[in-house]
Structures are given as structure tokens and as C-alpha cells.
Amino acid sequence: MISVDENFFITKNGGRLYFEEFGQGDRTVVMPNGVVTAKDFAQLGDEFRVIAYDPRSRGRSDLWMEDGVLRGDIHTDVEDLEEIRQQLGIERLDLVAHSYAGWIAILYAAKYPAHAGRVVQIGPMSPVVNRQYPGGLMFDDGTMGRAFEKMGRLRNEAAGKSQEELCRANWAEFRTVFVTDPADAGRIDFGRCELENERNFMRYWLGNLLPSIQKVSFTSEDFTRVKCPALIIHGTCDRNAPYGGGRDWAGNLPDGRLVTVVGGAHAPWVEGPETVFGAIRSFMTGGWPEQAEIPGKMD
């Protein structure tokens, strides 16, 4: 039984995790940090029951503070996901995870192999954070640098602006990074600037999440702990998480395969919706997409 208060999972320590649910399918798909992309992925509700939730200190979930210190990291996100599984009464979790949430999904599968069903990572961070890949596996057309430059100017001109106004102005610039064609930037609505947790996300990211990810060093033994099938979907023009990282995941996971979205950026469903959603549907119904490949392991 789900322990909920309106649209919140209630954790053992009393913290609340906000979720949205759509679809009536027999198979349940859970999306960590999926509320932000729920509008785009709602189409999966015609075939699956989809539960998208905000991790701790994100979105509408509670801010985890103790003695004035922000608490939580990538590992507590994994434990929160296991609590969600137990509350849902599902033996095996099928997961669709975008960006850094791809780490939550894989760490969960490694720690709880008996409860990991099928895992989809979309544009995941590399298993070796900050790894520099050769040409063709790492995309930089200057868009990221220009966005940060403009955001820097916005901070210098922030006098008189509210936090929400500054957040919206920043996201108006930064959303161009997530798509290949700037004309598609309006389709990115990841900012959620009306929410205090999201306006302050960089504090949590830099102080808690990123350091915990950087401390993880995947070994061959760690990869072999992931027993479930894993599908990695990655765009070749991803500026946020290099395409080489997607190839690394698929090449090292025992049952991993890669679907490449040629020309796709960090939200590859924008450039290749049929490829992305078709691949998820094929995979979650028990098969592999026709275009899925097994890359060789990278040194």
C-alpha cells in the first residue's frame, strides 16, 4: 500500500516525496526526478502506469535539513527509491531516469539487484565523472560557454530582481543548452522557478549531490552487480553529459545496450521523439529496440 498524503510518499523518517501518477497500464514505470519531464513522458501513460517523483530537496518534495545543515546525497536518493518500491508493493522496479538520475537508477540496480527490473538511462552522466572523451564522443559548439557568460551578466545586473525573476531569466538562457536547435529551446521547461527548492538547487547540487557522485568509482565488480537489462539512450550532441559516457555505460554493464540519437542533445526526445519513445516502449515490453547496439568497452 502506498503511504501517501495527497501526492506525497511519506518516508520512514516522516519526510515527504512529491509524485505525479498517470496511465493505467499493467506495468508500472517509475521516474526518479521525473516530474520535471512528466509533460513530455505523459504519452507513455497509454501503455504503462507511470509514477514520476521529485527526490528529496527537489521540486515539491521536502527540504531535508538537520541542525541547519542540508542532508542527503545520491546514496540517500537510492534508499528513498527503495522505500518507494516497498510502498508501491512492487517486487521489481522498472526505471526511466534522465541525466544525473541515471546514476540513481544504476546505483539502485547494483545495491538491490533482486528488485531492479528494467532500467532506462537517458543522457546519463558518465560513469567516470568529468572524463574527457575524444572528438565525436564529446560535443562542444560553444553554446554552453555562451549561456554561462550571459547568465554571469544577469547575476551582475540582478539588483532589484526577485529570486524567481532571476531564475527565470537564467533559464531563458540555459535552456538552449538542452537542445540542438535554439528554435526548440522553448520546449524546455526544467526551471520550475516558482519552487524554492529549484531556485536553490545549485546549493544542493554542488554541496551534496555532485561530491557524492564524484566519490563513486565504478569497478568491473561494481558493473557486474547490475543484473538487470539496461538501455542507454544518448544524443551525439549532448553538451551536458558526453555521448561517450553513454557508450561507457552500455559497454560495461553486463546486459547493457545503447540507442544513439544522432544530432540529439541532452533532451534527445526533442530531436528524436520516435526513436526515444519507441525504444522505451520496446524495451519495457520485454524486447530490445532494433537499433540498440552493444558498444565495445572503452579504456
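These legends describe close-up views of a predicted model.

**View 1. The disulfide of Cys167 and Cys193.** A search of the whole structure finds 1 disulfide. Cys167 and Cys193 form this link, with an S to S distance of 2.0 Å. The bond joins distant parts of the chain. Cys167 lies in helix α5. Cys193 lies in the loop between α5 and α6. The two cysteines are 26 residues apart.

**View 2. Handedness and burial of the Cys167–Cys193 link.** The angle about the S-S bond is -70°. The link of Cys167 and Cys193 is left-handed. Are these two cysteines buried or exposed? Both Cys167 and Cys193 are buried.

**View 3. Pro182 in the loop between α5 and α6.** Helix α5 spans residues 163–174. Helix α6 spans residues 196–199. Pro182 sits in the loop between them. Its relative accessibility is 58%. Pro182 therefore counts as exposed, since the cut-off for exposed is over 50%.

**View 4. Pro182 and Asn208, in sequence and in space.** Pro182 and Asn208 are 26 residues apart in sequence. How far apart are Pro182 and Asn208 in space, C-alpha to C-alpha? The distance is 31 Å.

**View 5. Two further cysteines, Cys228 and Cys237.** Cys228 has a relative accessible area of 4%, so Cys228 is buried. For Cys237 the relative accessible area is 13%. Cys237 is therefore buried too, because buried means under 20%.

How values were computed:
Residues are numbered from 1 along each chain as its sequence is written. This is a predicted model: local features need pLDDT of at least 70, side-chain atom pairs count only at pLDDT 80 or more; totals for chains, interfaces and linings use all residues. Side-chain values use heavy atoms; hydrogens and water are left out. Helices (H or I, at least four residues) and strands (E, at least two) are DSSP runs, numbered from the N terminus. Buried means under 20% relative accessible area, exposed over 50%, partly exposed in between (1.4 Å probe, protein chains only). A disulfide is a pair of cysteine sulfur atoms within 2.5 Å.
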